[in-house]
Structures are given as structure tokens and as C-alpha cells.
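Thank you all for coming.

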Amino acid sequence: MKMYQIQQLRPKESQILKMKAKGDQKVKPKSKKQWSLDDFEIGRPLGKGKFGNVYLAREKESKFILALKVLFKTQLEKAGVEHQLRREVEIQSHLRHPNILRLYGYFHDATRVYLILEHAPRGEVYKELKKLTKFDEQRTATYMTELADALLYCHSKRVIHRDIKPENLLLGSNGELKIADFGWSVHAPSSRRSTLCGTLDYLPPEMIEGRTHDEKVDLWSLGVLCYEFLVGKPPFEAETYQETYRAISRVDYRFPPFVTEGARDLISKLLKHDPKHRLPLDDVLKHPWVTSNSIKSPKHKIVEATVANKTQS
Ligand SMILES: Nc1ncnc2c1ncn2[C@@H]1O[C@H](COP(=O)(O)OP(=O)(O)O)[C@@H](O)[C@H]1O
Ligand SMILES: [Mg+2]
């Protein structure tokens, strides 16, 4: 049943990609059908985005369940982010990893742009964190494994996410973590001084200070996230923007007594002011606190093991 659904979805998906490859969306293949709102039944809202809402949806023909992210063109234009949206689509549609939310395609009408996304049935990690106040070491380490594995894949393609925070991490049907919202992602290195809207909490010193940055910004965010999962709030949280700014640029944070030595070791190796000194992702995956607490092992390690077994025999 599932196979059938996926096959149903693929032809159009590849059409979209083919058209994008041609680099000109105005030239439509005449005989081929494009996605339109008519192809979907719209269900309940899943969440609120900056430029519109995300809805549960079902593709009529295949009954394939997905998420439809709706963005209003007027709002995109007002904020001047059309270029950013194009990059989000371009980047996310080419990534294939179990811990990265799939983007199957997009379409638009007179007033809106629609992104066709994989549905993450268990919602935001943020909501889970609010519900449980904080996560235990097992859960945190498992998320760290999944995140580091997915980021390793992104970075191998020189894609940096730059917006790793609990609201942008969704959960699949088996509770597996899915990185979503590539709205701020870029190809490294970048010196883009985009207007920093929203919270500074997850941003590294080099980004808040507007310096050139690279993949290592995501290592910092991984450290912030690991802290927040275990403690229940991010390390540089403060009353004002200015205070958070100062705390980040001085790497000024404290651990509550219950944070264990192993977790402190990992977090402090990620929260380094100098990007070059941050613990690389493969070392995050091998970190003793991570390996002893995580209930999952990274995908790339399994591949390595398979290759090793083959060469042995
Ligand atoms: N594929 C999805 N499955 C389930 N919920 C989703 C999905 N995509 C988005 N959401 C929900 O909608 C919210 C906004 O989506 P997001 O892509 O982060 O928008 P924005 O780029 O405006 O921040 C998310 O925080 C999440 O709660
Ligand atoms: Mg978001």
C-alpha cells in the first residue's frame, strides 16, 4: 500500500525537479500535469509559519498524506524574502536523509506559494520539551546522534542550516528527529548579514557579530540545543536582547548541578567562541557520553560497518 502511494507521488515530483533543472519555471511541459491546489484535500492546521500556515493535506489520487506549507506572496514580497524562499526549496528538495524532512515539490497560484512537505506526525520537539520540562540523558543523546548524523550529511554538501532550534525540529512516526525549515540555510561559506529576526539564543558569536561564517555555526547550535534539552532552557537566555548578546559573545553560561560530567564535556566542547575549536560532528557521534546514552547509532556508521564486513570476507 505504502509503495503504491510513493510511486503515485514520484512522477510529478520528478517533473518538478526536471523543470527546476531547466531553470525556467515559465516554460511548462505542455502535456504534463503540474501540482495545483485541486490535487489536495486540506485538513487541520499543523503549525503557524512566518508567512502563512502549514496544513495537513492528502493528495487526492494516491491518498498520500503530507504537509502543505502555504506562504502569502504579498507577505514574501513585503519582507523581500523571495530569494530566500527559492533557496529553501532548492536546498531542501535535494536533501535525502532519514532525519531531514523531505520537500517533494512546490507550486503557486495568484496569491500564494505552496511547499509540499513530508508530514511529521509527532510534531515539534519544542512542544515535547515544554510538556516534559526537560529531557533525560538517553533521549537527549539520541537526538544528538540523529542531529549530528543529519548535519554531517548537510555539511558534506556544504549546506549549513543556521536555524537549528526546537521549533524547527519535528518528529516522525517512530519519534525520530527530522530537521525542518531550511528558510535560513545557505551554501558555505557565507557572509550574509541577513536581518536577525526573532531570538538570538541559538546563534553563535560570529553570526550575531555579522562576521563570515561557515558550517561550524551548526556545531554551536548543537551545543545550545544539547544544553536546552537537558536543562529546559537555552544557556544564554536573558531578560533582554542586549544581555543575551553579551552572554553569547563572552560564552558566559552556567550548568545547573544536575548536569552530568559527560554532558558538560560535550556541551563545553561545542560552545567554543572560535569556530575552529568546536568539536567536529564525527567526534560528536563518537563522544563517550553520546555513545553510552544514545539508543540509536548513526546511519553512516552502519554503512561503514557494512563496508568493513564486506572487505573482511
Ligand atoms: N511537515 C510538517 N509536519 C508537521 N508539522 C509541521 C510541518 N512543517 C511545519 N510544521 C509546523 O508548522 C510550524 C511552522 O513551519 P516552519 O517550516 O518552521 O515555518 P517558518 O519557516 O515560517 O518558521 C512548525 O514549527 C511546525 O509546528
Ligand atoms: Mg520555523
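This is a predicted model: local features need pLDDT of at least 70, side-chain atom pairs count only at pLDDT 80 or more; totals for chains, interfaces and linings use all residues.

**Starting from Leu 270**

Leaving aside residues up to four places away in sequence, Leu 270 touches Leu 219, Trp 220, Leu 222, Gly 223, Arg 278, Leu 279 and Val 284, where contact means heavy atoms within 4.5 Å. Residues are numbered from 1 along each chain as its sequence is written, chains are lettered from A and ligands numbered from 1 in the order in which they are written, and side-chain values use heavy atoms, with hydrogens and water left out.

Leu 270 lies in helix 9, residues 261–270; helices (H or I, at least four residues) and strands (E, at least two) are DSSP runs numbered from the N terminus. Its relative accessibility is 0%, so Leu 270 counts as buried, the term being used for under 20% relative accessible area, with exposed meaning over 50% and partly exposed in between, for a 1.4 Å probe and protein chains only. Between the C-alpha atoms of Leu 270 and Gly 223 there are 5.0 Å, although the two residues are 47 apart along the chain.

Let me turn to the aromatic residues. Searching the whole structure gives 12 aromatic pairs, where rings of Phe, Tyr and Trp (its six-membered ring) pair if their centres lie within 6.5 Å, and planes under 30 degrees apart count as stacked, over 60 as edge-to-face and the rest as tilted. One of these is the edge-to-face pair of Phe 135 and Tyr 143, at 5.6 Å centre to centre with 70° between the planes, and both residues are buried. Phe 135 also pairs with Phe 229, and here the centres are 5.2 Å apart and the planes at 50°, so this pair is tilted. Because Phe 135 lies in the loop between helix 4 (125–132) and helix 5 (137–156), and Phe 229 in helix 7 (residues 216–231), the pair ties together parts that are 94 residues apart in sequence. Arg 139 lies over the face of Phe 135, at 4.7 Å from the ring centre, the criterion being NZ of Lys or CZ of Arg within 6 Å of the ring centre and within 35 degrees of the ring normal.

What does UniProt list for "active site"? The unreviewed entry gives Asp 163, with the caution that such annotations may be inferred rather than shown by experiment. Asp 163 lies in the loop between strand 6 (159–160) and strand 7 (169–171), and at 10% relative accessibility it counts as buried. Beyond residues up to four places away in sequence, Asp 163 touches Asn 168, Asp 181 and Trp 184.

Five strands form an open, antiparallel sheet in the order 1-2-3-5-4, where two strands pair if DSSP finds at least two bridges between them. Its edges are strand 1 (40–48) and strand 4 (103–108), each of which pairs on one side only. Strand 2 (residues 53–59) and strand 3 (residues 65–72) pair over five bridges, and Tyr 55 stands opposite Leu 68 in strand 3.
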